[in-house]
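Here is a walk through some helix packing, a chain-to-chain contact and a few individual residues. Keep the model open alongside.

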Amino acid sequence: MILQLKINQKVGVGLLLGLLLVASSIVQLSPYHIADQDLSGRLLAPSAEHWLGTDHFGRDMLTRIASAIQLSFVLSFFCVLTSATLGVSLGVITAWKGGRMALGMDVIVNILLALPGLVLVLLFAAIVPGSLLVLYLAITLTQWVEYFRVSRAITNTIINSPARQLSQMMGFGPWYQFRRHIWPELTHSILTLASFGGANAILTMASLGFVYVGIQPPLAELGLMSVELFPYYAQAPWILVQPLIAIATLVFGFHLLAGNKHDGAH
Amino acid sequence: MWTLIKHRIFQLILVVWGVGTLTFVLMRNLPGDMAYRIAASRYGQDSVDSAAAEIVRQELGLDASWWQSYAHWLTDLVQFNLGKSLVSGLPVIDTVQHQLGHSVLLAFTGVLFASLIAIAIGVLSAFRQGALDHGFLWLSTLLRSMPVFVIGLMLILIFAVAWPILPVAGFGTWQHLVLPTLALALSLAAVSNRVVRNNTLKVIRAPFYQFAAIKGLSPTQTFIQHGIRNISVPVIAFIGIQLVTVIEGIVMIESLFSWPGIGHGLAHAIFARDIPVIQGCALMMGILFVLLNTCVDLLCHWIDPRGAQS
């Protein structure tokens, strides 16, 4: 599948894998911990001991940024995996079976689409504040609908195709029909959705951190870090810039991976 | 058109029910004893004892069974009786109505400016291909990678700190509106200018457009007579898709710029665990979302009455 990717999608994959690799090796190898404070070494500029400087509690920025990037990756990976699996399987089954299930799913989807995703996630974050698990569940809950709608629409057209009907008449089972006829048509759209979903999961977590209802300190989280470091922009602009660049790079990587759906420049 | 409106009314009912049920669950599932928690937020952490908690419990009827409270909760909601803030004791409906006005103002100016920027840049880069188009492609890709609060932070740093011509945050004069609007508009236009560009290209390459030029209309006439209406339908439909981003952007931007709107209120209420206010704000955001969607639907219907369904 890698071979079919366009050049900018490959760059996106490379960027994301590189970030993940660097971030997790820094977390492993760093002599510091994300919560190690050193109040005599606050807001230090980058040096040989602290490659990216230290924050307002003297914590090592390199370690914290790396740990935050890792956390973002873990969360977005699980969100994408769960919501894609759930959305695609429900979408395919609903299109295939129809009937009562389709009606029921319509109601559920309408409820979920009636509220903007972030508001729903905020409500969940209010139920259990600072819990990564709840954040993951809430983001998944808002994201699976997209996969559901797309895979249902695509499956609907394939179910009635002569090729699929012939397979059925020749006695092939549902799993074979899914793999042979439906799955190949779905992969492209799902890759696009998954890339945007990954970016959105990271953005949502950062947004919650930014309004202070997401992951709680002392855990390192990119949105939380940007709001914590903002008061020090005059003394130490370089540390404020780091989480912002990290978020932008992550999202940029995912957008590259998604391919230029809206841009289609050439 | 009636099906459109019926669909939206149905959606409105779902919003009210969904928010009501979620906040009810939230109310019941808060860790710790509700009464103590509310007493603590009212009277301060140090002066809470079981007597104060008992008074709160009596006052708010916190020991009824769950289905009783649920029925009660929903009837109150249907009558728009949103209760009083647990912290300030003021009626939620007043606070929220007040905030809604500010949020609507921000949303409308944001969408308006986003459309102006996006249409200008999109049409320009469609008509002048090449370096300009590429430049804007890169610029919009860059802006799109930034969450809206990063754009806001950068605007603050540039226009309020480094070069202080505009206020950092707050509310009052029109200057306070500039930076929040700009932040929201930039994050929206980063995506929509490409949509405008692609649709403009599609229209000016279409046979009917070329025929209009061949039959002798000047480029300006062709664009006004045959271009604008055809371009605007997909573009306005896309603004409808972007409304989710608008609402999410409002939450972030209001918190960043201390704009006294719904999003700011919601974030604060969640932080203070003030459930009636959380419910009121979430409800208003949902209603705002549905209303804006209805506006977009009606606008699309007005421009292209050929019966664009859903």
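## Helices 8 and 9 of chain A

In this predicted model, the axes of helix 8 (residues 222-229) of chain A and helix 9 of chain A come within 9 Å and cross at roughly 155°. An angle over 145 degrees counts as roughly antiparallel, so that is the label for helix 8 of chain A against helix 9 of chain A. As for handedness, this crossing of helix 8 of chain A and helix 9 of chain A is left-handed.

Who makes the contact? From helix 8 of chain A come Leu222(A), Met225(A), Ser226(A) and Leu229(A), and from helix 9 of chain A come Ile239(A), Leu240(A), Pro243(A), Leu244(A), Ala246(A) and Ile247(A). Sorted by class, the residues of this contact between helix 8 and helix 9 of chain A are nine nonpolar, one polar and no charged.

## Helix 1 of chain A

Helix 1 of chain A covers residues 7-29, 23 residues in total. From its first C-alpha to its last, helix 1 of chain A reaches 32 Å, close to the 33 Å expected at 1.5 Å a residue.

Which residues of helix 1 of chain A are buried? They are Gly12(A), Leu16(A), Ala23(A) and Val27(A). What covers these buried residues of helix 1 of chain A includes helix 2 (61-97) and helix 9 (237-258) of chain A.

## Chain B as a whole

The C-alpha atoms of chain B fill a box of roughly 85 × 50 × 30 Å along the principal axes.

Of the 310 residues of chain B, 39% count as buried. Take the contacts in chain B with a separation of 6 or more: 71% of them are between residues 24 or more positions apart.

## Where chain B touches chain A

The contact takes 37 residues from chain B and 31 residues from chain A. On the side of chain B, the elements that give two or more residues are helix 1 (2-29), helix 6 (131-144), helix 7 (148-162), helix 8, helix 10 (219-257), helix 11 (262-272) and helix 12 (275-303) of chain B. Helix 1 of chain B gives the most, with nine residues.

By class, the side of chain B that touches chain A has 26 nonpolar, eight polar and three charged residues.

## Two residues in helix 8 of chain B

Ala189(B) lies in helix 8 of chain B. Is Ala189(B) buried or exposed? It counts as buried, because 25 C-beta neighbours sit inside 10 Å and the cut-off is 20 or more. Ala189(B) and Gly110(B) are 79 residues apart in sequence, yet 9.7 Å apart in space, C-alpha to C-alpha.

Lys202(B) is also found in helix 8 (residues 175-204) of chain B. With 14 other C-beta atoms within 10 Å, Lys202(B) is partly exposed. Lys202(B) and Asn230(B) are 28 residues apart in sequence and 9.8 Å apart in space, C-alpha to C-alpha.

## Helix 9 of chain B

Helix 9 (residues 207-214) of chain B is hardly covered: among its eight residues, the count of buried ones is zero. Helix 9 of chain B is followed by Gly216(B), whose phi is positive, near 115°.

Definitions and conventions: Residues are numbered from 1 along each chain as its sequence is written. Chains are lettered from A and ligands numbered from 1 in the order in which they are written. This is a predicted model: local features need pLDDT of at least 70, side-chain atom pairs count only at pLDDT 80 or more; totals for chains, interfaces and linings use all residues. Helices (H or I, at least four residues) and strands (E, at least two) are DSSP runs, numbered from the N terminus. The expected span of a helix is 1.5 Å times one less than its number of residues. A residue is buried if 20 or more other C-beta atoms lie within 10 Å of its own, exposed if 12 or fewer, and partly exposed in between; C-beta atoms are placed from the backbone. Two residues are in contact if their C-beta atoms, placed from the backbone, lie within 7 Å. Ala, Val, Leu, Ile, Met, Phe, Trp, Tyr, Cys and Pro count as nonpolar, Asp, Glu, Lys and Arg as charged, and the others, Gly among them, as polar. Axes are lines fitted to C-alpha atoms, for helices over the stretch in contact, and angles run from 0 to 180 degrees between N-to-C directions. Angles under 35 degrees count as roughly parallel, over 145 as roughly antiparallel, 65 to 115 as roughly perpendicular and the rest as oblique. A crossing is left-handed if the near helix is turned anticlockwise from the far one by less than a right angle, and right-handed if clockwise.
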